[in-house]
Amino acid sequence: MAGLVGLVAGALWAMLPAYVPNNAAVLAGGGAPIDGGRTWGGRRVLGDGKTWRGTAVGTLVGVAVALVLDAANPTVADALGVDAGVLPLFPLPAAFGLALGAMLGDIGASFLKRRSGRERGASFPVLDQLDFVVGALGLSLVLAPGWTLATFTPERLLVVLVATPVLHVVTNVIAYLIGAKNEPW
Ligand code: CTP
Ligand code: MG
Ligand code: K
């Protein structure tokens, strides 16, 4: 049981710097869109939902989350009764890769949504829930390869792939209910 707690806690802990940026962007969004209003094939390249400010704030908040988690690591590990090392620490390149990668994954998904004729805010099941996971792990793999491979073991990856869509749906429904988001996805 302690093993399962450690596995789930370690996997979610490792992903927190990637989970928070998109939510921070929702709160910070607005201002100039990244695509500058440009279109491709008669549709916006990305759309008004992907802004410079949201992306920058989301990335900074994700890195800040990693710093806070590092500081809280011993205390939380102790409280959960898991061994030191079960909750990963974040080297700066890994923190930055997870945070910016999450934003880039979401931006990539918007690009695909526009190419497939979906307007801003339209849902794209599965892609909506996992775009930022692919982006975060991908950029982390590029910027901190050793750390990423050692941290995201197959077991933790499985936990991430199962838990992320659930957490994503719950978070977005809450954001919608409190009026922070226009759609519940
Ligand atoms: N946001 C932002 N910059 C980003 C990502 C999000 O400013 N890089 C803000 C925008 O205000 C956006 C809101 O967060 O409207 C919700 O994000 P999301 O659901 O990802 O965007 P949508 O508006 O639904 O647009 P899309 O259809 O392109 O996903
Ligand atoms: Mg949306
Ligand atoms: K999205």
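In this predicted model, 19 residues surround ligand 1, with Lys-50, Thr-51, Ser-110, Arg-120 and Gly-121 the closest, where a residue counts if one of its heavy atoms lies within 4 Å. Numbering starts from 1 along each chain as its sequence is written, with chains lettered from A and ligands numbered from 1 in the order written. Local features need pLDDT of at least 70 and side-chain atom pairs pLDDT 80 or more, while totals for chains, interfaces and linings use all residues, and side-chain values use heavy atoms, without hydrogens or water.

As for polar contacts, meaning pairs of N or O atoms within 3.5 Å, a side-chain N or O atom of Thr-55 is 2.9 Å from a nitrogen of ligand 1, and Ser-110 places such a side-chain atom 2.6 Å from a ligand oxygen. On its own, ligand 1 exposes 560 Å², of which the protein buries 90%, by the Shrake-Rupley method with a 1.4 Å probe.

Which elements give two or more residues to the shell? They are helix 1 (2-28), helix 2 (52-80) and helix 3 (92-115), helices being DSSP runs of H or I, at least four residues long; helix 3 provides the largest share, five residues.

By class, the shell holds three nonpolar, eight polar and eight charged residues, with Asp, Glu, Lys and Arg counted as charged, Ala, Val, Leu, Ile, Met, Phe, Trp, Tyr, Cys and Pro as nonpolar, and the others as polar.

Finally, residues 52-72 are 100% helix and 0% strand, with their end C-alpha atoms 30 Å apart.

Conventions
A polar contact is a pair of N or O atoms within 3.5 Å; within protein, one must be able to donate a hydrogen and the other to accept it, and residues adjacent in sequence count only if both atoms are side-chain atoms.
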